[in-house]
Amino acid sequence: MLMQVGGVEGSRPTFFEMAAAQQLPASLRAALLYSLGVLAQRTPILHKILDHSDEVFGLLMLVLEAHSLRTTDASFAESLYGLRRRPVGIKLESKGQAAEKVGITRRHRYLSLLFLVALPYLKSKAQAVYDAQSRNISHADMWRSEDIDEDISSVDTDVDIVSNQNDTQADSFRDKLKKSLVKLYPWIHATQEGLSFAYQLLYLLDATHFYTLALRIMGLHVCRASGQELMDASSQIAERRNREFERLRGPRLAQAFQRAALKTLYNTLDFAQTGLIASVFLFKMMEWWYQSAEERVTAPTIYPAPPPPPAPKVAEKGIPLPKDKRVCPLCMKKRTNPALVASSGFVFCYPCIFSYVSQYNRCPVTLVPAAANQIRRLFYDS
């Protein structure tokens, strides 16, 4: 199996398990932003959340990652796949031998939060600043806004310059910082992506136990948890929460309120992993269902093609048609350079029909009114 949730304790996860766990936060972010975008069409107040999507999603992931690391010794995505983080000193076995049960330390949890939440947030903000500055630079080069700014600044008075000196220095420092970011960010991003690709390739080739550089820096392995370990973790969480309930102090009413608040918080965090993902999938399914129903209702009715109009009849006073369809009705010779009259559809030699229509303004067969601009040249004569 490429993916196995809960297996031999301490066994090495497959490449596909690690890749799926790494891509889950990005997929969850995209799904949440899409869902909020759809809901914001009817609830405009949600646009404020979309305007600060990086901060909102970062705070959400901070809560989920901190709770997951505290209760399962794994990240939010890793816990969904039955994976656990273990210090480097714990040897990973792949042939059924159990590893020593040693959890991660508080230092490991803080470092994990740094690499799982803080650095992705900083990267998204740097990417946004880089994109904005790149557009501004391209626009400035196009319109030569630097020369315009110099001309406008030369008109300012000395009093305005002195009064706004501090603001100008701060703005210039920010501008220099942004310009430096525009120059350095592509190299930093390329280096990070290159190292990520190298570690993933080495992990795929079984040349290293570290799927990312961050895991090597933190000194952590990711291993698969056994079913017994998952059950033991649940019992340990329950015991830890019972001890926290016993440490509550104060009047009975205050203790009851604190106990209810803690239970609500714990239940919310326990079901946040599966509930959050399930709600996104449920929303997407409902959106697809209603969109399909709306398309069926609003889809235009497809009618069959109308029948062709009846063929024009030969007028009693019109010229008769020859038996051979390749003969021109006017000159009674084989057609050359064929052309038709659009108002009737009969085909003649182009010189013959052009002269006739120019003189009589009608079709010679049906006597239907026609003009010279209704003559159409044919490049294939059947």
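## A residue and its contacts

Two residues are in contact when heavy atoms of theirs lie within 4.5 Å. With that in hand, V357 touches R362, A370, A371, A372 and I375, leaving aside residues up to four places away in sequence.

V357 sits in helix α12, residues 350–360. Helices (H or I, at least four residues) and strands (E, at least two) are DSSP runs, numbered from the N terminus. Is V357 buried or exposed? V357 counts as buried because its relative accessibility is 0%; buried means under 20% relative accessible area, exposed over 50%, and partly exposed in between, with a 1.4 Å probe and protein chains only.

## About the model

This is a predicted model, in which local features need pLDDT of at least 70 and side-chain atom pairs count only at pLDDT 80 or more, while totals for chains, interfaces and linings use all residues. Residues are numbered from 1 along each chain as its sequence is written, and side-chain values use heavy atoms, with hydrogens and water left out.

The chain has 12 helices and five strands. Of its 382 residues, 30% count as buried.

## The nonpolar cores

A nonpolar core is a set of buried Ala, Val, Leu, Ile, Met, Phe, Trp, Tyr and Cys residues joined through side-chain atoms within 4.5 Å. The largest one has 27 residues, and M18, M61, Y211 and L215 touch the most other members. Among the elements giving two or more residues to this core are α1 (15–40), α5 (106–143) and β2 (220–224). Helix α1 gives the largest share, seven residues.

M61 touches P25, A66, F76 and V117, again not counting residues up to four places away in sequence. A second, separate core has 12 residues, including C349, V357, A370 and I375.

## The largest pocket

A pocket is found on a 1 Å grid over the protein atoms alone: it is an open set of points where a 1.4 Å probe fits, with protein on both sides within 12 Å along at least five of seven lines, and its lining residues have an atom within 4 Å of a point. The largest pocket has a volume of about 1,500 Å³, a volume being the space filled by probe spheres set on the points.
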